[in-house]
Structure formats: C-alpha cells, structure tokens
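Hi everyone, thanks for coming along.

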Amino acid sequence: VWDVARRFPRARCLGSPYDVYAVAFSPDGMTLASGGREGARLWESLTGEPILHILDTGDLISGLAFSADGAQLAVASQGWPTPKGGLHTTTVHSIQRGRGIDLLHGMSSQV
C-alpha cells in the first residue's frame with residue numbers, strides 16, 4: 001500500500017502464496033481486501049497485518065467490492081472449467097469472522 005504523497009510504501013500485505021487478481025479498499029480506507037487463487041484476504045491497510053482469510057470463495061477470485069457502509073464484502077469467483085462449464089459464484093460476507101450472508105448458485109458465465 002503506497003503513500004502517494006510521500007512516494008513510499010506505507011504497508012506490505014504479505015501472505016498470499018499465489019497470484020492476486022483483485023483488490024478493493026473499504027470505504028473508510030482502513031481495510032484492504034485481496035483475492036486470487038486461495039480465497040480472499042482482509043488486511044489492515046495501515047500496517048499490512050492480516051485480519052481475515054475467507055476460503056469458501058471458489059477457485060479464482062475475479063472481483064471484490066465493499067458495500068457503501070463497509071459492513072459487507074462481495075466476492076466474485078470462478079471455478080476451474082469442467083465439461084459443463086466452470087462454477088461461477090458470488091458470495092456476500094459480513095465483515096465478521098466466519099459469517100457469510102448469501103451464496104448465489106447457477107450462474108453460467110463469469111461474474
């Protein structure tokens with residue numbers, strides 16, 4: 001996380017063992033969400049300290065978005081291709097450890 005005014009990295013969010021494909025800041029800028037091949041992760045944006053690791057999100061995170069009040073995180077993911085197509089899901093998580101709100105099934109294309 002860069003401090004643009006000082007042109008210096010403010011925090012390093014280390015711990016994702018695979019590539020990261022999506023990032024999003026919470027509305028207050030205090031939390032950073034990242035997603036890739038091993039679920040979504042929440043980080044404290046000032047220090048880079050891990051807050052939460054969300055594993056039930058599919059094979060590859062393709063998008064992340066916080067709600068306007070920062071209390072929810074939407075996670076778009078896609079599964080690996082199968083003969084019937086990949087499994088594409090969107091999950092909405094309350095920003096409380098381990099409390100998912102909804103899982104939407106049946107999407108036939110990438111979210």
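The side chains of S67 and D69 are joined by a polar contact of 2.6 Å. By polar contact I mean a pair of N or O atoms within 3.5 Å; within protein, one must be able to donate a hydrogen and the other to accept it, and residues adjacent in sequence count only if both atoms are side-chain atoms. A polar atom of the S67 side chain also lies 3.3 Å from the backbone nitrogen of A71. You'll find S67 in the loop between strand 7 and strand 8. Is S67 buried or exposed? S67 is buried, at a relative accessible area of 18%; buried means under 20% relative accessible area, exposed over 50%, and partly exposed in between, using a 1.4 Å probe and protein chains only. Leaving aside neighbours within four places in sequence, S67 is in contact with P27 and Q72, where contact means heavy atoms within 4.5 Å.

A quick word on where this comes from. This is a predicted model, in which local features need pLDDT of at least 70 and side-chain atom pairs count only at pLDDT 80 or more, while totals for chains, interfaces and linings use all residues. Residues are numbered from 1 along each chain as its sequence is written, and side-chain values use heavy atoms, with hydrogens and water left out.

Now let's step back to the whole chain. Its secondary structure comes to zero helices and ten strands. Helices (H or I, at least four residues) and strands (E, at least two) are DSSP runs, numbered from the N terminus. Of the 111 residues in the chain, 36% are buried.

Four strands form an open sheet in the order 3-4-5-6, with antiparallel pairing; two strands pair if DSSP finds at least two bridges between them. Strand 3 and strand 6 are the edge strands, each pairing on one side only. Strand 4, residues 31-36, pairs with strand 5 over six bridges in the antiparallel sense. Look there for A33, which stands opposite L42 in strand 5.

Those two residues bring us to the core. A33 and L42 are among the twelve residues of the largest nonpolar core, which also includes A22, I54, F66 and V75. A nonpolar core is a set of buried Ala, Val, Leu, Ile, Met, Phe, Trp, Tyr and Cys residues joined through side-chain atoms within 4.5 Å. Which strand gives the largest share of this core? That is strand 7, with three residues. L64 belongs to this core too.

Last stop: charges. How many salt bridges does the structure hold? There are two, a salt bridge being a side-chain nitrogen of Lys or Arg within 4 Å of a carboxyl oxygen of Asp or Glu. One joins the side chains of D3 and R6, at 3.8 Å from N to O. D3 is buried, with a relative accessible area of 19%, whereas R6 is exposed at 62%. In the other, R41 meets E38, the closest N and O atoms being 2.8 Å apart. R41 counts as buried at 14% relative accessibility, while E38 is partly exposed at 29%.
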